[in-house]
Amino acid sequence: MTLIESTSGTLKDPAVVPPGLPIQPSTPIQRGTGRRAPVDTHTAIPVLDVTIPVFNEERDLEECLRRLHGHLRESFPHGFRITVADNASTDGTLKIAERVARELPELAVVHLDEKGRGNALRKVWLASPSPVLAYMDVDLSTDLAALAPLLAPLISGHSDLAIGTRLTRNSRVVRGPKREFISRGYNLMLHSFMGARFSDAQCGFKAIRADVAQQILPHTMDNSWFFDTELLVLAERCGLRVHEVPVDWIDDPNSSVDVVRTALADIRGMVRLTRDLVSGRIPIPELRAALARGPLPASSRIAEQSPRSSLFGQLVRFAAIGAASTLAYVLIFLFCRGFMDPQLANFLALLVTAIANTGANRRFTFGIQGGNPVRHHFEGLIVFGIGLALTSGALALVHSTTTPDRWGELLTVVAANLAATAVRFLLFRLWVFRQPAAPSAEPRTQAKTRTETAAS
């Protein structure tokens with residue numbers, strides 16, 4: 001076999017793209033269709049490879065494998081393989097998987113010495129020869145009827161990555177209020193602070209085309225539960241199409257997952273991923289050039305690059321950046337006020353935080369990459385001037401009517417700065433970072449009609 005040495009063998013080391021090497025283009029986009037070439041299903045290689053990551057799952061494993069195998073044999077019209085990725089289990093999981101694999105020819109078993117769902121999926125997927133890769137949790141909480149609509153857009157070339165979602169109106173979910181609250185809260189954070197558009201990051205029911213997986217997976221770092229989120233965020237940043245399938249999902253009451261600890265680890269993962277994106281560790285421009293689908297015919301690329309136009313999302317991200325800016329402003333003002341007059345301290349504190357604020361809002365609130373940052377910062381300085389006028393005017397007014405102490409000055413400039421913040425958001429949204437509307441094809445059509453009329 002290509003993936004493993006034997007049915008219960010060890011995984012071959014996958015070829016990982018070393019940092020600094022050129023990124024190869026993915027399957028080319030078909031002209032005028034906005035999709036990749038369909039997967040070749042007339043091949044001896046299994047079209048689908050479904051990975052089941054397991055750790056100490058001897059109780060549920062055999063039933064899961066037989067149920068999934070039966071479903072694929074009955075409903076999936078192409079070759080498939082089921083790969084059990086044993087993550088250093090200490091019970092009888094591996095032996096059960098090997099025994100079932102001797103009965104089912106489409107079943108393969110991989111033993112890994114390290115724990116972690118992300119580690120298992122990365123290694124198995126990078127080594128798999130199949131053109132479509134999927135995974136699901138061993139408890140099969142997701143109704144398998146959703147598997148066909150999950151895979152179809154990947155096989156046809158319509159989409160690059162597909163996920164099951166429990167958080168849409170058409171999903172039917174049975175689970176406790178704690179898990180529901182944590183799941184929805186986590187996804188709200190992803191939407192608000194990372195600009196994500198997918199609805200459900202952690203549903204254990206996903207699939208990806210192998211040609212794009214080979215490009216993205218080497219740039220993922222998480223070995224545990226945050227792997228799903230990291231993969232989805234990178235996919236969206238690289239311009240890939242993510243297809244969502246509403247699922248019927250029943251919570252496993254015997255699940256060993258520590259929901260709270262996993263949620264905290266996910267938050268740490270968000271911080272680390274944000275740092276990686278800002279620092280440039282992940283070559284998003286190069287990946288986007290190789291993988292993105294490009295603009296639709298007769299449409300503007302600018303419209304596709306403006307995913308963060310939601311007013312609510314912009315307000316949340318702007319408020320978070322504004323809170324950090326206000327704290328920095330207070331600290332700088334108090335520091336400078338120790339050896340200079342209040343107007344100069346206000347000017348320096350506002351100037352430093354305004355430059356940082358403009359850059360952060362450009363990147364995170366309004367999702368602008370590339371373009372002309374010099375122009376944006378110049379216009380941001382004009383907005384800064386308005387804020388300076390408000391805060392300086394407030395300081396001058398309070399000093400003309402009374403003799404405030406240090407904290408009275410601080411309260412005055414903070415209140416004025418809050419008013420300036422509201423003005424700053426409106427100017428950022430409506431002027432500095434406003435995206436031009438996509439050019440309409442109608443004027444060109446009318447001009448063409450007039451030309452043809454004149455010629456006739």
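**Helices, cores and rings in a predicted chain**

Helix α7 is followed by Gly239, whose phi is positive, near 80 degrees; helices (H or I, at least four residues) and strands (E, at least two) are taken here as DSSP runs, numbered from the N terminus. The structure is a predicted model, in which local features need a pLDDT of at least 70 and side-chain atom pairs count only at pLDDT 80 or more, while totals for chains, interfaces and linings use all residues. Residues are numbered from 1 along each chain as its sequence is written, and side-chain values use heavy atoms, with hydrogens and water left out.

Helix α7 itself, residues 227–237, is mostly covered, since 11 of its 11 residues are buried, where buried means under 20% relative accessible area, exposed means over 50%, and partly exposed lies in between (1.4 Å probe, protein chains only).

Seen as a whole, the chain has 15 helices and nine strands, and buried residues make up 48% of its 456 residues. The accessible surface comes to about 22000 Å², of which 61% belongs to carbon and sulfur atoms; such areas come from the Shrake-Rupley method with a 1.4 Å probe, and for residues only the protein chains shown count as cover. Among contacts (heavy atoms within 4.5 Å) between residues at least 6 apart in sequence, 78% join residues at least 24 apart.

The interior can be followed through its nonpolar cores, each a set of buried Ala, Val, Leu, Ile, Met, Phe, Trp, Tyr and Cys residues joined through side-chain atoms within 4.5 Å. In soluble globular proteins, nonpolar side chains tend to be buried together. The largest core here has 41 residues, and Leu48, Ile52, Leu72, Met136 and Leu151 touch the most other members. The elements that give two or more residues to this core are strands β1 (48–54), β2 (80–87), β3 (107–112), β4 and β7 (205–209), together with helices α1 (61–75), α2 (93–103) and α4 (147–156). Apart from this core lies another, of 36 residues, with Phe227, Ala235, Leu277 and Leu287 among them.

Leu151 touches Leu48, Phe76, Val132, Ala134 and Ala207, not counting residues up to four places away in sequence. Leu154, placed in helix α4, counts as buried because its relative accessible area is 0%. With the same exclusion of residues up to four places away, the contacts of Leu154 include Val39, Val132, Leu161, Ala207 and Ile208. The C-alpha atoms of Leu154 and Ile208 are separated by 7.1 Å, although these residues are 54 apart along the chain.

The loop between β4 and α4 contains Thr142, which is counted as buried because its relative accessibility is 5%. Leaving out residues up to four places away in sequence, Thr142 touches Cys203, Phe205, Val247, Asp248 and Trp249. Leu140 lies in the loop between β4 and α4 too, and is buried at 7% relative accessibility. Most residues other than glycine have a negative phi. In Leu140, however, phi is positive, near 50 degrees, and Asn56 likewise has a positive phi, of about 55 degrees. Asn56 is found in the loop between β1 and α1 and is partly exposed, with a relative accessible area of 27%.

Turning to the aromatic rings, a search of the whole structure finds six aromatic pairs. Trp125 and Tyr135 form one that is tilted, with 6.3 Å centre to centre and 55 degrees between the planes; rings of Phe, Tyr and Trp (its six-membered ring) pair if their centres lie within 6.5 Å, and planes under 30 degrees apart count as stacked, over 60 as edge-to-face and the rest as tilted. This pair links helix α3 (residues 117–127), which holds Trp125, to strand β4 (residues 132–136), which holds Tyr135, the two residues being 10 apart.

Lys115 lies over the face of Phe55, at 4.2 Å from the ring centre, and Arg166 lies over the face of Trp249, at 4.8 Å from the ring centre; the criterion is NZ of Lys or CZ of Arg within 6 Å of the ring centre and within 35 degrees of the ring normal.

Finally, the chain averages a pLDDT of 80, with 81% of the residues scoring at least 70, on the predictor's scale of confidence in each residue from 0 to 100. Over residues 1–21 the pLDDT stays under 50, and the model has 43 contacts for them beyond four places in sequence. Over residues 438–456 the pLDDT is below 50, and this stretch has five contacts beyond near neighbours in sequence. Where pLDDT is low, the predicted coordinates should not be read in detail.
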